[in-house]
Amino acid sequence: LSELARRLDMNKASAHATLNALVDRGYLLRHPVRKDYRLGPRLIAVGEAARDQYPVVEFARDELRRLGEDLGTECVASAPIGDEMVIVDQAGPVRPIGLTVAVGHRFPLVPPMGTIFMAWSSPEEIDEWLRRVEVGDDERERYRAALAGVRERGWSAGRDTEDYQLLETERATEWSVTTLGAPVFDADGAVALGLFVLAFRDTLSPDQVPDVAERLTKATGAITESIHGRHPR
């Protein structure tokens with residue numbers, strides 16, 4: 001109780017009343033001896049309801065699993081929700097060492113992150129994306145060039161956990177990359193989902209990138225077809 005009150009910047013009385021209400025409704029469980037709290041079973045239904053809002057995830061699940069098995073690495077599906085990217089599914093072996101992600105993790109959809117979701121957007125949407133970060137004109141043009149490169153290739157690339165934010169460039173195959181992403185399109189030609197191959201611990205050499213990218217885009221193409229999506233022209 002003390003830790004939750006401190007982190008939420010609430011007084012203990014208010015926190016205690018709120019937590020009791022959540023326990024009564026099944027959103028939290030309180031340990032009878034330790035008196036600490038954990039997530040309750042009611043949230044399972046909430047999670048299922050949230051997932052039902054993104055039926056494309058169900059169509060993507062088998063392809064994502066096969067992708068992880070074929071490549072022997074962690075793969076995730078991410079959906080653009082507002083100004084964030086949210087991990088909605090995961091498959092393949094999770095790395096025991098190094099950065100990994102989990103379903104529910106959220107990342108800001110701000111330049112230079114999210115080129116997979118923005119590369120096929122309207123000029124107005126791209127301008128709005130660019131306004132989310134304060135950079136100079138030269139940097140903005142570099143971001144626009146990155147979007148053009150993703151559109152041309154059909155996939156994005158990243159190197160290392162830090163450089164991933166800076167790497168989605170036209171000549172990514174010249175580098176050793178650790179992340180590849182490709183889009184799934186809906187019936188309107190908008191990006192409904194992004195599939196990402198993660199290899200944060202082991203880099204992909206330049207000669208590996210085309211093969212992995214081809215396998216990735218084969219998966220996203222199959223999902224696009226299964227939901228009757230279309231590639232924007």
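Predicted model: local features only at pLDDT ≥ 70, side-chain atom pairs only at ≥ 80, totals over all residues.
Q: How do you know that the span of helix H8 agrees with its number of residues?
A: Helix H8 covers residues 209-226, which is 18 residues. The expected span is 1.5 Å times one less than the number of residues, so H8 should span 26 Å. Its end C-alpha atoms are 26 Å apart, which agrees.

Q: What makes residues of H8 count as buried, and which are they?
A: The cut-off is under 20% relative accessible area. The buried residues of H8 are Val209, Val212, Ala213, Arg215, Leu216, Ala219, Thr220, Ile223 and Thr224.

Q: What do the buried residues of H8 pack against?
A: They pack against helix H4 (56-71), strand S7 (179-185) and strand S8 (191-198). H8 lies across S7 and S8 and runs at about 20° to S7.

Q: Why are S7 and S8 called paired?
A: Pairing requires at least two bridges between two strands.

Q: In what order do the six strands of the open sheet stand?
A: The order is S5-S4-S3-S8-S7-S6, with antiparallel pairing.

Q: What makes S5 and S6 edge strands?
A: Strand S5 (106-108) and strand S6 (156-158) each have a single partner strand, so one side of each is left without a neighbour in the sheet. On average, neighbouring strands of this sheet are turned by 30° against each other, direction ignored.

Q: Which residue with a positive phi follows H8?
A: Histidine 228 follows H8, with phi near 60°.

Definitions and conventions: Residues numbered from 1 in each chain as written. Heavy atoms only, no water. Helix = DSSP H or I, 4+ residues; strand = E, 2+ residues; numbered from the N terminus. Buried < 20%, exposed > 50% of the residue type's maximum accessible area, 1.4 Å probe, protein only. Contact = heavy atoms within 4.5 Å. Axes fitted to C-alpha atoms, helices over the stretch in contact; angles between N-to-C directions.
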